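Subject: Structure handover

Hello,

Please find the structure below. My notes on it follow.

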Amino acid sequence: MKKTPYSWDASLIVGINLLIIIVLIGLLAPWISPHDPLKVNLSNRFVFPSWTYPFGTDHLGRCILSRIIYGIRISVAFAFLIMIVTFIISLPIGLITGYWRARANHFFMRLIDGTLAIPDIVLTIAIVGMLGPGFLNMMIAIILVRWASYVRFIRSLVLKICEEDYILSARMSGNTHARIMRRYILPVTFSPLVIFGALDMGKIVLLMAGLSFLGLGAQPPTPEWGAMLRDATAYFQIAPHMMVFPGVAILLFVLACQLISDRFKKLNAADLKEV
Amino acid sequence: MILFCLKRMVQLILVIFLVSTLTFLLLRLAPGDPAYILLTAHDVPVSEDALTALQKELGLSESLGSQYIQWIKGVVTWQFGASYVSKEPVIEELLRRVPATLELAMSGLAVAVIITLIIGISTAIYANGWLDMTGRLMALLGSSIPSFWLGFLLIYFFSVQNGWLPSMGRGTLQHLILPATTLGLGMGTIYARLLRTSMLEMLNQPFIKAAKARGLSNRRILVFHVFKHAFLPVMTLLGTSFASMLGGSIIVESIFSWPGLGKYIVESINMRDYPVIQGYVIFTSFLFVSIHIVVDMIYALLDPRLRVH
């Protein structure tokens, strides 16, 4: 079976463009959104999509389009923040455990493997449950849960790089371990990590939306997509547009992340298998 | 093999120990006094006496170390205390809800398998045609669609608009269709893609060439010769994905008011029912790690090369 390289590139281009458009809309939110996302107008409840309200209004008469546009800022910005913090935590751990393959190290990975057997959503919900519902606690929970898979991925990358001959020659020419890690291993991990991060942004946004949907994350009146869907649950029989548009927004963002990482997924899967 | 099993048991114990320690620390680190939160959650005006009485009852006045030992003792004997809301032992409350969740996860898996078979085989037969492109698109959508949104769309079309299927509760087969589809659809489309690729890769094998040489039609070869071998790797993946079905059921249960573990934990969190939350964490961790280990052991039984580790 031959895969035309063209089709892969096409999905990458579509994904990147989609992501750029979404981020741009989010950045330009104050100029683009037709209304104030938080302005309550009770005489205008459940308006169906029209010229003044392209996506209609919700149960408090707020403009759904404006809320979705401001929602980009919340979902994307905080997903990015979560991802960066998780990288900061897991990069040194992954590097060190990948570089020194000691016995304790093996033990540590077994522990991580074991915790990874528990689905993200279960652990996140449990941690939020203990800390109490709220946006900050949700972020903490996601970081606490996601770091293990980051470590696993980074470690698998490092293990692979360490087999290369140039690492051996770097060692033979008298570099210290710290220097090898910094100068010879870290730069090589960069591009796979970007791809991994792109895919994970989608996952984090989905997780955040799911938790907010359950009422454990973003609280009203925050215009977060999952929280908007939660509002829609009570009214979607009379106002289906309340449910449709936030869902499309989540779908498009996650789809963009998927498309970008699609091209590299095979590589990632092969890497993960070797651990 | 015995050594392998022993190692896995040690792993299970270690993970449970880690999780229970984390649970203990998180609840103690969480802002606010648990006794105070508990009292305010019940809408009782908080008096100084009631607070100290409850602190004593929960063992909060003791040192952190002895509290921790108490908690670990509870984990070992599966005593998580009584639910604040129903006053019944947490472990009984949890066990009572397990069958519903298992039923949902199994049906979700069944839906995923059916979709995998139908889409996987048909896209492999018509590889690179329009059907194949549709399959690819569906896999992309299937991996990006939020389950809570999909559940809503299904409810809207099948319950609200047409009234064909019930949208909430558990009981008959009709009640099961929508939640199981919500749970299994996305995974089914993704595995269909894997099955297709696995089948097409198999086409280069010598035994396929032999079948071709005997003059069998392409379709016949794919369905009767290739499928058998190509399905095995996908099947093993489905085994591991049972855990993610169980995880995904939390959200699906909440949408469809399915009386299982997931709906219960979300309700308990909203009521601040801490013993239930603690019990749930330990119980489900045990469940998931056990599933992981059992799957591992089955692989090791099937493939001796894996036993080395």
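B:T182 has a relative accessibility of 3% and therefore counts as buried (under 20% relative accessible area, 1.4 Å probe, protein chains only). This is a predicted model, where local features need pLDDT of at least 70, side-chain atom pairs count only at pLDDT 80 or more, and totals for chains, interfaces and linings use all residues. Residues are numbered from 1 along each chain as its sequence is written, chains are lettered from A and ligands numbered from 1 in the order in which they are written, and side-chain values use heavy atoms, with hydrogens and water left out.

B:T182 lies in helix α8 (residues 173-202) of chain B; helices are DSSP runs of H or I, at least four residues, numbered from the N terminus. Its side chain reaches the backbone oxygen of B:L178 at 2.8 Å. Leaving aside residues up to four places away in sequence, B:T182 touches B:S147, B:L150, B:G151, B:L154, B:V252 and B:F256 (heavy atoms within 4.5 Å).

In chain A, helix α6 (residues 135-162) packs against helix α8 (residues 177-213) at about 150 degrees, axes 10 Å apart (lines fitted to C-alpha atoms over the stretch in contact; angles from 0 to 180 degrees between N-to-C directions). The pair is therefore roughly antiparallel (over 145 degrees).

The axes of helix α4 (residues 103-116) of chain A and α6(A) come within 9 Å and cross at roughly 130 degrees.

Regards

Terms used: Helices (H or I, at least four residues) and strands (E, at least two) are DSSP runs, numbered from the N terminus. Angles under 35 degrees count as roughly parallel, over 145 as roughly antiparallel, 65 to 115 as roughly perpendicular and the rest as oblique. Buried means under 20% relative accessible area, exposed over 50%, partly exposed in between (1.4 Å probe, protein chains only). A polar contact is a pair of N or O atoms within 3.5 Å; within protein, one must be able to donate a hydrogen and the other to accept it, and residues adjacent in sequence count only if both atoms are side-chain atoms.
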